[in-house]
Amino acid sequence: MGMVGGGPGAFIGAIHRHAAALDGEIELVCGAFSADPTSSQSFGESLHLDSDRCYPNYATMFAEEAKRPASERMQFVTIVTPNYLHFDAARLAFEHGFHVFCEKPATMSTREALELAQAKEASDCHYALAHTYTGYPMIQEARQLVAAGGLGRIVKVVVEYTQGWLASSEDQSTKQASWRLDPLKAGVSCCMADIGVHAANLAEYVSGTTITELCSDVGTVVPDRQLDDDGTVLLRFKNGARGALLASQVHIGDENNLRLRVIGDYRALEWSQLEPNTLWIKSRNEATQMRRAGVGVVCPQAAGNMRTPAGHPEGYIEAFANLYRGFVSQIRSSSAHQKDTHNAPQLPGIEAAVRGMAFIENVIAAGQSDKKWVPNAVPTGGGVLQ
């Protein structure tokens, strides 16, 4: 793989590199790690890459890598830049025939996301979006339980994602905060684009239904910010279920508190990212069940993505690695014209990219509107998405 972004001071780049390397199937061979060519060069060399494969920018990297023999060139690129570079880097990668694994949100707008979907379709390349939490084994168990009717008819979905790292105006001076709060680099949203879209994706991913309408109260708690740092969204789903989504980066004391509850008319489930190996299943007239990763019988998708014996914690990097392993399996299967038999998570792809951008824009628009309910409209892009 190659990497765009993720250089000095970047948090998420190192996470991607660790996760991609976990199974010994992926080798980082090149990168354009920084907007500063000298910094990109020195950083790449610090990762023990060949100096001639530490590129000054991603356009040069794609062009030069495409010239290499197929056995030597990178096969896919991971994009871990601020939001405003995602679209152009991914589009250019497709044009050069490279698969793309990209941080979310996929683009700066729904219009760009639809254009990217068309570029992907024209290239015949694979695309995956880094919705990390779908890679947790017990999220796979929850998803399969819902799909099998184990909760009955889904009537309510509640998802919360709260952090406290932007609770003060002093917090926004860091490298990680400054670009997220800059509309030119982050887009129309900070909080909803950074963590709210994760929550929305997880709600749809596990419940098996999609958000069709929303009512939004979103804004800033810390004065003088241009983008949101807190919001609450009421949801209506395609199957008739109601829901609520809370996303905030000003919850003092919260670290990375992602919590999902899916309620059916027979049972309910609950999962927390702070204790990811546990899935709670509750019932009206049965004892509450606690399912644990590595204990007892679980679905093949959950079992196939557990990496350690029971009682040995697995977490964020392992979930990320499950997405990478699934992405590699997709690439290998398509190149060999074989069916993918790996029990990898169903990877969030280009449809999740479009839906995610539509959700972000619709939440921000709804928060500025006097209407109570607005459609969570997702353009079809001329037949690219069904």
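These legends describe an overview and several close-up views of a predicted model.

**Figure 1. Overview of the predicted protein chain.** The chain folds into 12 helices and 14 strands. Its radius of gyration is 21 Å, close to the 21 Å that the globule rule gives for 386 residues, so the chain is as compact as a globular protein of that length. Along the principal axes, the C-alpha atoms fill a box of roughly 65 × 50 × 45 Å. Of the 386 residues, 54% count as buried. The accessible surface comes to about 16,500 Å², and carbon and sulfur atoms account for 50% of that surface. Take the contacts between residues at least 6 apart in sequence: 68% of them join residues at least 24 apart.

**Figure 2. Confidence along the chain, with the stretch 382-386.** The average pLDDT of the protein chain is 94, and 96% of the residues score at least 70. Residues 382-386 have a pLDDT below 50. In the model, this stretch makes 10 contacts beyond near neighbours in sequence. Where pLDDT is low, predicted coordinates should not be read in detail.

Figure 3. His 16 belongs to helix 1, residues 11-21. Its relative accessible area is 0%, so His 16 is buried. The side chain of His 16 makes a polar contact with the side chain of Glu 103, at 2.8 Å. Beyond neighbours within four places in sequence, His 16 is in contact with Met 3, Thr 78, Val 80, Phe 101, Glu 103, Ala 130, Phe 320 and Tyr 324.

Figure 4. The whole structure contains 13 aromatic pairs. One of them joins Phe 62 and Phe 98. The ring centres of Phe 62 and Phe 98 are 6.1 Å apart, with 40° between the planes, and the pair is tilted. Phe 62 sits in helix 3 (residues 58-67), and Phe 98 in the loop between helix 4 (86-95) and strand 4 (99-102). The pair therefore ties together parts that are 36 residues apart in sequence. Phe 62 and Phe 98 are both buried.

Tyr 136 lies in the loop between strand 5 (127-129) and helix 6 (137-147), while Trp 271 is in strand 11 (residues 267-272). The pair thus links parts that are 135 residues apart in sequence. Tyr 136 and Trp 271 are both buried. They belong to one aromatic cluster, together with Tyr 133, Tyr 161, Tyr 316 and Phe 320.

Figure 5. Asp 194 lies in helix 9, residues 191-207. Its relative accessibility is 13%, under the 20% limit, so Asp 194 counts as buried. The side chain of Asp 194 makes a polar contact with the side chain of Gln 249, at 2.9 Å. Leaving out residues up to four places away in sequence, Asp 194 touches Lys 104, Trp 165, Arg 180 and Gln 249. Arg 180 is 14 residues from Asp 194 in sequence; C-alpha to C-alpha, the two are 7.8 Å apart.

**Figure 6. Helix 4 and its packing.** Seven of the 10 residues of helix 4 are buried, so this helix is largely enclosed by the rest of the structure. The buried residues are His 86, Phe 87, Ala 89, Ala 90, Leu 92, Ala 93 and Phe 94. They pack against helix 3, strand 3 (76-80), strand 4, helix 5 (110-123) and strand 5. Gly 97 follows helix 4 and has a positive phi, near 85°.

Figure 7. A cis peptide bond joins Lys 104 and Pro 105, with omega about -10°. Pro 105 is in the loop between strand 4 and helix 5.

His 48 is not a glycine, yet its phi is positive, about 70°. His 48 is found in the loop between helix 2 (37-46) and helix 3. With a relative accessible area of 73%, His 48 is exposed.

Asp 224 also has a positive phi of about 70° without being a glycine. Asp 224 lies in the loop between strand 7 (211-219) and strand 8 (230-237). At 79% relative accessibility, Asp 224 counts as exposed.

How values were computed:
Residues numbered from 1 in each chain as written. Predicted model: local features only at pLDDT ≥ 70, side-chain atom pairs only at ≥ 80, totals over all residues. Heavy atoms only, no water. Helix = DSSP H or I, 4+ residues; strand = E, 2+ residues; numbered from the N terminus. Buried < 20%, exposed > 50% of the residue type's maximum accessible area, 1.4 Å probe, protein only. Polar contact = N/O pair within 3.5 Å; in protein donor to acceptor, adjacent residues only side chain to side chain. Contact = heavy atoms within 4.5 Å. pLDDT = per-residue confidence, 0-100. Rg over C-alpha atoms; globule rule 2.2 N^0.38 Å. Areas by Shrake-Rupley, 256 points an atom, 1.4 Å probe, with all protein chains shown as cover. Phe/Tyr/Trp six-rings, centres within 6.5 Å; stacked < 30°, edge-to-face > 60°.
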